Amino acid sequence: MRRTHSWAVSAVFALILTAFLYSAYRGHAIAEAASASVSVDPAVLPYYAFRSFLRMLAAYLLSLTFALVYGTAAGLSKRLERVLLPILDILQSVPILGFFPAAVYFFVTLFQGRTAGVEMASVFLIFTSQAWNMAFGVYESVTTVPRFLGEALEAYGVRGWLKYLRLYLPASIPKLVYNSVVSWANGWYFLSPAEVIGTGLLLPGLGSFASAAAQQGLLGRTMAAIGTLVAVVVAMNVFIWRPLSQWAGRFRYEFSPGGGREPESFAYELWRGSRAFNSIRRLFTRVFDRMFIALLSLGTAARRLRQGKSGRGLTALRWVANVLLLATAVYVAVVGARSLVTVFAHPLPAESARIPLGLLASSLRLTAAFLISAAWTIPAAVALGHNDRLYQLVTPVLETLAAVPATALFPVIVFFLATRPGGMNLASILLLLTGMQWYLLFNAIAGVRAIPRDLREAARSFGLHGWLYWKRVVLPAIVPSVITGSITALGGGWNALIVSEYVAYKGSVLSAFGIGYLLDRAVYESQNFQMIWLSLAAMVLVIFLLNRFFWRRLYDRAVIHFRFDE
Amino acid sequence: MALLDITGVYKTYTDNNRSITVLEDISFSVEPGEFVCLVGPSGSGKSTLLRMIAGLDQATRGSILYGGRPVTEATDHIAVVFQSFALLPWLTVSGNVELGLEARGVPKQERQRRANRFIDKVGLDGFEEAYPRELSGGMKQRVGIARALTVEPELLLMDEPFSALDALTAQNLREEVLTLWRDETLPVDSVVMVTHGIEEAVLMADRILVMSARPGRIKADVPVDLPRPRNPKDEAFSRFTDRIYSLVL
């Protein structure tokens, strides 16, 4: 992890987001947006599953394209890197769900009230939960390609697109596949909030089915929807992600220092043995290669063009593009500044005084969920990381469990806890927990498995056992990966806060007091732009300060002290 | 009685219904005070054999007896020096060297006293509080050696201890290891060292075991009868080296 912060980029971004929020909320009320009705008839489940899947697929394809373009651009150009990386860093730490209602209004306005706008908004929300880590993955892959490999290709005259096709794209595959698994899990997590918007708006899908059934007290049907969702998730893991992960192993140029192998997938053999699949794959590769060769000749033509007289035309074109970009930036900044004025020109609403208390209440919930996660995931990770057979056996199960979205379970959790005293508080912590624990677990496992074999054997041969082994070897070794996991987990946690403190249930609203509650109330009840802006800003500020002055510093120090040098 | 007695040892890995035999019918013994080198091409299972002697891996068949008892896990009498040094980056030189004693529950002061003695012996006086990342490769391996000596082993196992070092550093450290081995005040009695440097083996060992490529077998057991200290420039030395070379190839 590197320091990617830039004050200028942050300031511009704050203005852009403010402008976005303001234009989205101005003059709109929740009831105005289009609403589709959702059936709770079990017969529609397969169709709803298909709708949910399509939504996910659309968002994923968008994310994939974004990640490849953005990550490669940031990785290959030093100039772009200075701007693109800080932006990605901000996007990653913004609690997306807080901006979701704004996005809904934005897209609904754009599509003039048609349901298509709501669909676009939900795809957009899922996209924002998938794209950033994938882009980071591509960026990391591109920048960590050993320099001698690039130089070797240059020496043989391999440049431009061909160099990308033969070097950077294959080098990105392992991290891209790994992050795709994470992104799909993220996407499923956001699917329910993307289908059930606030207190009423619904899009046909598995998430909305589950929520609608729970609101009507039909627990069996809720479970049926969740069951369908789990079946889809499991099938995708078994038939797509496991085989793809195994395939991606071919694109690694280093071997993991822990020496362990990844679990093997039977579906991998299934795909490889299928004649139909192989002919499709060959066709696809051929088309892809043709396309690239066409691009190659296009690139050569463009280079010749630039060297020739018509180069002046290209320069002019670039100049016009720059002016347009600058004009847009200025316009957005002006709108942002104007909307900021509306926040502070009027007296602040009385409720804004409760924001600090709300932050405190939410932080306590987050801390509780974080501590519970750490308490079980670290011992589990150590056990799994030290036992290859257990690892191979349990990892697919854990990955599937992790992909089961907690937000879909939330209606059930609420169903059981809603009527109990403090039930909503407990339900909220449970939702946070399910949204945080997997990040910690998988990061910790990676940390344990990265301990060099020689080091473990040295510890064994010198008789280190039990607590002393933990204290001297395991715990220090996993500090950096546990910190990374904590940052991601807390990012997920802040996001989950927004859906966990405010939920519609049987015609009324159940809530637990916190920053998420304040935000949701402002969005769905009072529609007070000042409150929306203030609670979002407070949240973003706290996340930013914590990351910058606590986690990053901790990580930087940990890396110096706790890393194995090669 | 032999210190180490290995009879009929096989090592087979099973992987996807395929089995690969890396060691086949290995038998030899090491007498107290002996310095034995295992040489052979890569893939001959030398390191696997060493790890089995250390109790870090189990033989598929056959027996490994240390002092008449089968080796099933890491024991107090055997210490290992690793090719990659295997130092904990978050512990100082002292912390790393004391590790084995800490595992045995030796009190802090006693630990420090004993660790300091060996840190001095390997020439790292003044670097007690340094971290491994601040040391050169040669110094790191000195820490590895001091850590092994501190637990006062009877048998020292070394897995290509000099191959990650530059030629000059390796040469100096070889001489120092020989000096330490001959030092009567030090506990180390016997050494088994894995190497692929034939000159290195001829320079240091009392006996050289030549292993064949996969599956690893012992092709020859050659006593090195050259007088010590040995000089690689001697004619007898190079004749001996040539002989071992012809056995390896």
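A residue is taken as buried if 20 or more other C-beta atoms lie within 10 Å of its own. By this criterion, buried residues account for 40% of the 566 residues in chain A of the predicted model. The secondary structure of chain A comprises 20 helices and 4 strands.

Two helix pairs of chain A were examined in detail. In one of them, helix 4 (residues 96-110) of chain A packs with helix 5 (residues 115-143) of chain A at an angle of about 150°, and the two axes are 8 Å apart. The crossing of helix 4 of chain A with helix 5 of chain A is right-handed. On the side of helix 4 of chain A, the residues making the contact include Ile96(A), Phe100(A), Phe107(A) and Leu110(A), while helix 5 of chain A contributes, among others, Gly117(A), Met120(A), Phe124(A) and Ser129(A). By residue class, this contact of helix 4 with helix 5 of chain A consists of 12 nonpolar and 3 polar residues, with no charged ones.

In the other pair, helix 9 (residues 219-248) of chain A and helix 15 (residues 406-417) of chain A are packed at an angle of about 155°, their axes lying 9 Å apart. Because angles over 145 degrees count as roughly antiparallel, helix 9 of chain A is described as roughly antiparallel to helix 15 of chain A. The crossing of these two helices, helix 9 and helix 15 of chain A, is left-handed. Here Leu219(A), Thr222(A), Ile226(A) and Leu229(A) of helix 9 meet Ala408(A), Leu409(A), Pro411(A), Val412(A) and Phe415(A) of helix 15. The residues of this contact divide into 8 nonpolar and 1 polar, and none is charged.

In chain B, strand 4 (residues 61-66) and strand 5 (residues 69-70) run antiparallel and are joined by 2 bridges. Within this pairing, Tyr66(B) stands opposite Arg69(B) of strand 5. The two strands of chain B, strand 4 and strand 5, form a hairpin with 2 residues between them, and Gly67(B) in the turn has a positive phi of about 55°.

The contact between the chains takes 19 residues from chain A and 19 residues from chain B. On the side of chain A that touches chain B, two or more residues each come from helix 17 (453-461), helix 18 (466-500) and helix 20 (529-562) of chain A. Helix 17 of chain A gives the most to this side, with 6 residues. The residues of the side of chain A that touches chain B comprise 10 nonpolar, 3 polar and 6 charged.

Definitions and conventions: Residues are numbered from 1 along each chain as its sequence is written. Chains are lettered from A and ligands numbered from 1 in the order in which they are written. This is a predicted model: local features need pLDDT of at least 70, side-chain atom pairs count only at pLDDT 80 or more; totals for chains, interfaces and linings use all residues. Two residues are in contact if their C-beta atoms, placed from the backbone, lie within 7 Å. Ala, Val, Leu, Ile, Met, Phe, Trp, Tyr, Cys and Pro count as nonpolar, Asp, Glu, Lys and Arg as charged, and the others, Gly among them, as polar. Two strands pair if DSSP finds at least two bridges between them. Axes are lines fitted to C-alpha atoms, for helices over the stretch in contact, and angles run from 0 to 180 degrees between N-to-C directions. Angles under 35 degrees count as roughly parallel, over 145 as roughly antiparallel, 65 to 115 as roughly perpendicular and the rest as oblique. A crossing is left-handed if the near helix is turned anticlockwise from the far one by less than a right angle, and right-handed if clockwise. A residue is buried if 20 or more other C-beta atoms lie within 10 Å of its own, exposed if 12 or fewer, and partly exposed in between; C-beta atoms are placed from the backbone.
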